[in-house]
Amino acid sequence: MKITYNKKIRTFGKTLVLGAFLLGMMGCEKDLMLEPENNITQTSFYTTELQIQQALSGVYSAMINSSSRGGFDVNFYLLASEVRSNNFNAISQNGNRDYYAINRFQDTSSTEEVEILWEDAYQLISYANNILARIDAVPFADPATKEQYRSETRFLRAYAYFELMRNFGKVPLVDHPVSPSEAASIPRTDLSTLYSFITSEIEASIGGLKNTYDSKNKGRITKSAAHAMLGRMYLTGYGYPLNNSSYLAKAKEHLSAVIQGEGQYVTFAPNYADLFKSTNDNKYHIFEIQHISGGLSQGSYLPSYVSPTFGTADPLYNAQGSLYSSSELGVSQSLLNAYEAGDVRKAVTVKTQFIAQNGQVDYANYFVKFREGGLVITNRYDWPINFPIIRYADVLLMYAEVLNYEGNTSGAVPYLNRIRQRAGLPALPTSMSSSDFTTALRKERRVEFAGEGVYWHDLVRWNIAVSVINQAAADLNYNYTITTNDYLYQIPLSQIQVAGYEQNP
């Protein structure tokens with residue numbers, strides 16, 4: 001579902017829920033177009049089936065252009081997670097760049113990116129709460145459609161909470177529309193309660209979701225997306241810091257449900273490069289952020305954050321250039337070294353040289369996974385390629401991880417080998433030990449999902465981020481060390497000042 005949104009609506013205040021209200025009218029344009037109408041109010045909206053449909057598309061759209069810096073793919077998956085890991089090196093500060101502070105663990109409660117994460121997620125939650133509070137009173141021609149819209153909204157709200165939890169730990173749980181003054185009085189909720197809420201919400205949504213959608217609605221949340229997200233949530237909750245052992249079986253149940261739908265509801269891409277072409281949007285990924293070019297404020301910002309400024313002779317040149325030069329933010333040598341010889345994913349993911357604007361070859365490591373050569377785009381924020389939040393390969397590898405935890409290493413290896421063989425690598429023996437499998441799996445996940453914001457959260461749930469990051473910092477002679485306190489970002493200062501939350505240690 002390509003949602004286009006002609007104008008940004010942001011009314012940020014000093015409380016976690018800012019009374020954000022979706023104003024909009026939509027029609028079809030590969031597949032839904034949102035055009036805000038400022039004369040619509042909360043009292044006159046949410047009264048018809050069409051308005052609920054429009055409002056739901058606004059919830060999806062909140063992932064795309066909720067902040068001036070970019071959507072969820074830039075903020076949650078690039079800057080807050082990928083840059084946090086040792087896949088990136090922030091080489092030069094070049095002024096007050098948030099990515100430098102995040103990469104060097106110098107961020108504070110006043111770091112703008114920290115505020116953006118909080119505001120963007122709660123904006124989506126506010127939009128969703130408005131729908132869920134009103135949908136019961138709205139007549140629908142088909143009750144199944146009402147339940148579908150309700151289920152999609154519940155999924156998206158739970159997903160936003162999951163990202164908040166992974167970045168901030170305890171956060172305020174708001175499940176209905178509130179005023180700014182009411183929002184300021186809601187305390188942070190403990191992780192166990194938050195996990196129960198988000199998993200129960202998505203569990204309850206499965207029945208109302210569809211397995212597939214027609215071409216005009218591709219990109220909507222499917223049953224497979226719900227099962228995959230639950231698999232990720234439960235496996236995360238099985239790890240650090242919650243360490244809930246009962247979640248392992250639940251993760252297995254939902255991941256297995258996705259795998260059982262292969263060939264009918266989910267597709268394993270035969271070639272790794274096919275995963276990152278805009279022509280294959282909504283074909284291989286299970287849940288993805290929708291982007292479309294054409295100057296509609298629905299394009300992706302991400303490629304311009306991670307590419308150098310190319311010269312006209314470079315095959316990846318685009319007249320709009322890029323945002324950061326190669327001297328500021330680069331792919332780490334550590335990541336490059338993680339690829340085995342012959343791994344086809346390396347060339348798809350990273351390049352180590354480019355033709356600069358002066359026509360000379362320059363050497364730097366940078367991501368190209370989401371940058372397509374030859375595309376005509378309106379500006380550097382107009383890339384059309386969707387961003388994968390959950391891919392089928394992730395489901396297969398998470399399922400293999402679960403099997404290994406259960407002691408079934410021989411049963412886990414074929415799932416890992418399937419990913420390796422697509423990458424052009426030899427199969428690993430089914431007789432390998434559980435410990436060796438763990439090492440191989442962790443390496444595989446790093447290179448398979450490089451640039452997608454997965455690796456940092458893996459390091460945290462495995463509780464090895466301290467050792468990995470501190471070793472990386474020592475290897476580069478960076479003068480810092482981290483502790484488990486650095487697994488979470490600081491609560492934004494504005495929230496501390498208004499609501500009086502206790503700060504993360």
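Okay, let's start with a pair of helices. Helix α8, residues 223-238, and helix α9, residues 247-260, have axes that come within 8 Å and cross at roughly 155°. Keep in mind that this is a predicted model. Anything over 145 degrees counts as roughly antiparallel, so that's what we call α8 and α9 relative to each other. The crossing of α8 past α9 is left-handed.

Who makes the contact? On the α8 side you've got Ser224, His227, Ala228, Leu230, Gly231, Tyr234, Leu235, Gly237 and Tyr238. From α9 come Tyr247, Leu248, Lys250, Ala251, His254, Leu255, Ala257 and Val258. Sort the residues of that contact by class and you get eleven nonpolar, five polar and one charged.

Now, the loop between α8 and α9 holds Pro241.

You'll find Phe105 in the loop between α3 (98-103) and α4 (112-134). Its phi is near 55°, which is positive even though the residue isn't glycine. Phe105 is buried, too, at a relative accessible area of 13%. Asn282 is another non-glycine residue with a positive phi, near 65°. Asn282 sits in the loop between α9 and β7 (285-289).

Right, on to the aromatic pairs. The count comes to 30 of them. One is Tyr238 with Tyr405, a tilted pair at 5.3 Å centre to centre and 50° between the planes. Tyr238 is in α8 and Tyr405 is in helix α13 (residues 392-405), so this pair ties together parts 167 residues apart in sequence. Both partners are partly exposed: Tyr238 has a relative accessible area of 24%, and Tyr405 has 35%.

Then there's Phe310 with Tyr366, an edge-to-face pair, 5.6 Å centre to centre with 65° between the planes. Here Phe310 is in the loop between α10 (302-306) and β8 (329-331), while Tyr366 is in strand β10 (residues 361-367), and the two are 56 residues apart.

Terms used:
Residues numbered from 1 in each chain as written. Predicted model: local features only at pLDDT ≥ 70, side-chain atom pairs only at ≥ 80, totals over all residues. Heavy atoms only, no water. Axes fitted to C-alpha atoms, helices over the stretch in contact; angles between N-to-C directions. Helix = DSSP H or I, 4+ residues; strand = E, 2+ residues; numbered from the N terminus. Parallel < 35°, antiparallel > 145°, perpendicular 65-115°, else oblique. Left-handed = near helix turned anticlockwise from the far one by under 90°. Contact = heavy atoms within 4.5 Å. Nonpolar A, V, L, I, M, F, W, Y, C, P; charged D, E, K, R; others polar. Phe/Tyr/Trp six-rings, centres within 6.5 Å; stacked < 30°, edge-to-face > 60°. Buried < 20%, exposed > 50% of the residue type's maximum accessible area, 1.4 Å probe, protein only.
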